[in-house]
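Let's take a walk through a protein model together. Keep the picture in view and turn it as you read.

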Amino acid sequence: RPEYCWIKEHRVETPHGVLHVTVHGAGNARRPAILTFHDVGMDSKSCFSTLFKFEEMQEIVKNFTVVRVDAPGQEDGAAIYPAGYQYASMDQVSEMLPAVLQYFNFRTIIGVGVGAGAYILSKFTLSNPDAVEGLVLINVDTNARGWMDWAAQKLSNLTSSLPDQILSHLFSQVCDALYMLSASIFTHVIQHKERNALLAHFFFLPYSRRDLNIERNNTFKCPVMLVVGDQAPYEEAAVECNSKLDPTTTSFLKMADAGGMPQLTQPSKLTEAFKYFIQGMGYTLVSRRIFFKGILHPKIEHFDDFVRLQKTI
């Protein structure tokens with residue numbers, strides 16, 4: 001049975017409330033965990049299951065523990081917050097993550113975030129550089145929202161339903177290739193009207209985010225892979241973020257035919273990119289079961305050599 005299928009759910013107490021966390025794998029504190037954080041309008045399952053259940057991705061991640069974090073109140077079955085409840089800010093959500101690492105006794109992580117989740121992991125990494133070995137940021141926007149964004153959001157509240165606003169955020173345009181995906185998200189939200197208030201808490205949170213002030217002299221200390229779909233609403237923001245990062249430790253991938261959610265629409269291409277990102281960090285696959293950091297089989301210099309060697313074993 002694939003290691004990724006060994007699933008256990010946890011509720012982790014943090015300084016700013018409880019987080020729902022789903023863990024895949026047996027765990028190994030000597031390796032970084034792959035920690036994911038989803039975008040608004042989704043939960044960790046709907047955002048990442050397509051990618052991490054992809055067969056070739058399982059060959060990679062089964063050597064690590066995968067930790068899927070749900071933003072407060074975004075998991076299925078979450079309790080409705082009482083009237084007047086003060087939802088955590090973007091900064092506070094990022095400050096909840098150290099408690100997750102401590103709870104599972106993980107020294108370091110490889111972060112994988114989408115949209116709002118990419119911002120939260122970026123904020124966490126800047127505050128805790130020694131805890132992050134690598135970052136995969138999909139559709140990231142590290143800038144603060146301005147007055148025009150605030151005004152547009154207020155107008156949208158008056159003219160559009162929450163499901164419509166979620167789809168507008170996730171997709172700049174809904175083409176035929178993405179219709180079924182969009183419809184499934186729309187149906188998920190519509191069928192859970194009682195959860196609209198919970199979804200709204202996290203959906204509107206990015207509008208109050210602060211600028212991360214990333215620049216060449218104030219940047220990530222770990223390797224970073226930026227990913228954006230060719231129809232993503234935040235394509236320009238991702239390009240701008242790339243221009244501010246260290247080019248020697250940053251790779252930028254613009255995915256054609258991916259729409260706004262490349263981890264759902266192009267899992268094969270993203271898996272291939274993730275594989276080489278992991279290799280670039282020094283985790284080299286030397287068997288079908290084990291990753292060693294910095295240790296190569298004497299007959300292996302490249303991944304193609306690994307494939308050829310496997311045929312002889």
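Which residue forms a salt bridge with Asp91? The partner is Arg210, and the closest N and O atoms of the pair are 2.5 Å apart. Asp91 sits in helix α3 (residues 90-95) while Arg210 sits in the loop between α9 (196-203) and β7, so this pair ties together parts that are 119 residues apart in sequence. A salt bridge here is a side-chain nitrogen of Lys or Arg within 4 Å of a carboxyl oxygen of Asp or Glu, and the structure holds five of them. Side chains of opposite charge can pair when their charged atoms come close.

A word on the ground rules. This is a predicted model, in which local features need pLDDT of at least 70 and side-chain atom pairs count only at pLDDT 80 or more, while totals for chains, interfaces and linings use all residues. Residues are numbered from 1 along each chain as its sequence is written, and side-chain values use heavy atoms, with hydrogens and water left out. Helices (H or I, at least four residues) and strands (E, at least two) are DSSP runs, numbered from the N terminus.

Now find the sheet. Eight strands form an open sheet in the order β1-β2-β4-β3-β5-β6-β7-β8, with mixed pairing; two strands pair if DSSP finds at least two bridges between them. β1 (7-14) and β8 (250-255) stand at the edges with a single partner strand each, so one side of each has no neighbour in the sheet.

Start at β1. A hairpin of two residues joins β1 to β2, and these strands pair in the antiparallel sense over eight bridges. Within this pairing, Val12 stands opposite Leu19 in β2. By contrast, β3 (residues 33-37) and β5 (residues 109-114) pair in the parallel sense over five bridges, and Ile34 has Ile110 in β5 as its bridge partner.

The structure holds four cavities of 30 Å³ or more. On a 1 Å grid over the protein atoms alone, a cavity is a set of points where a 1.4 Å probe fits but cannot get out, and lining residues have an atom within 4 Å of a point. A volume is the space filled by probe spheres set on the points, which are joined across faces, edges and corners. The second largest cavity holds about 50 Å³, and its lining includes Leu51, Met57 and Phe274.

Technical notes: 1 Å grid on protein atoms, 1.4 Å probe; cavity = no way out; pocket = protein on both sides within 12 Å on 5 of 7 lines; lining within 4 Å.
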